[in-house]
Amino acid sequence: QVQLVESGGGLVQAGGSLRLSCEASGRTRSIYAVGWYRQAPGEEREFVAALSWSDNKTYYSDSVKGRFTISRDGAKSSVYLQMNSLNTGDTAVYYCAARTVRVGQFGSWGQGTQVTVSS
C-alpha cells in the first residue's frame with residue numbers, strides 16, 4: 001500500500017501562484033506514476049498532471065499546460081505541483097494519486113487539499 005498526504009493548498013488571488021506537495025510513504029518502490037487530479041464543487045474529478053516514476057516524463061491537461069508544472073524529489077518520494085497564473089477556474093480540491101501497476105488506474109489517493117482562487 002502507498003499512503004499519500006497533500007499539503008500547500010490555500011487562498012490566493014487570481015494571477016497568483018501556489019505550490020502543492022504530495023508526500024508518499026509505504027511501498028513507494030511499487031509506484032509507476034503519480035498524478036494530480038482536482039474536483040470543483042458540483043463537477044466531476046478531472047485529471048490535471050502526471051509524472052512517470054521511471055523516466056520523469058510529464059503529462060498535463062490542456063487547461064493547465066504552460067501554467068502548472070509537476071516535479072519530483074526522488075530522494076523524498078515527494079511530488080510537487082507548481083501552479084502559476086491561477087484563475088478562478090482552478091478553484092477545486094486537489095488530490096494526489098499514485099499508480100502502482102504498470103498499466104491501469106491510479107489506485108492510491110490522498111485526502112485532498114483545497115485551492116481557492118479569488119477574483
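In what order do the elements of the protein run from the N terminus on? They run β-β-β-β-β-β-β-β-β-β-β. Colour the model by secondary structure: there are 11 strands and zero helices (DSSP runs numbered from the N terminus, strands being E of at least two residues and helices H or I of at least four).

This is a predicted model, in which local features need pLDDT of at least 70 and side-chain atom pairs pLDDT 80 or more, while totals for chains, interfaces and linings use all residues. Residues are numbered from 1 along each chain as its sequence is written, and side-chain values use heavy atoms, with hydrogens and water left out.

Next, select cysteine 22 and cysteine 96. Their sulfur atoms lie 2.0 Å apart and form a disulfide (a pair of cysteine sulfur atoms within 2.5 Å). The pair links distant parts of the chain, 74 residues apart: cysteine 22 is in strand S3 (residues 18-26) and cysteine 96 in strand S9 (residues 92-99). The torsion about their S-S bond is about -75°, so the disulfide is left-handed. A search of the whole structure finds one disulfide.

Keep the selection and show the surface. Cysteine 22 and cysteine 96 are both buried (under 20% relative accessible area, with a 1.4 Å probe and protein chains only). Of the 119 residues of the protein, 44% count as buried.

Finally, select the C-alpha trace. Along its principal axes it spans about 40 × 25 × 25 Å. For contacts (heavy atoms within 4.5 Å) between residues at least 6 apart in sequence, 54% join residues at least 24 apart.

Notes: Buried means under 20% relative accessible area, exposed over 50%, partly exposed in between (1.4 Å probe, protein chains only).
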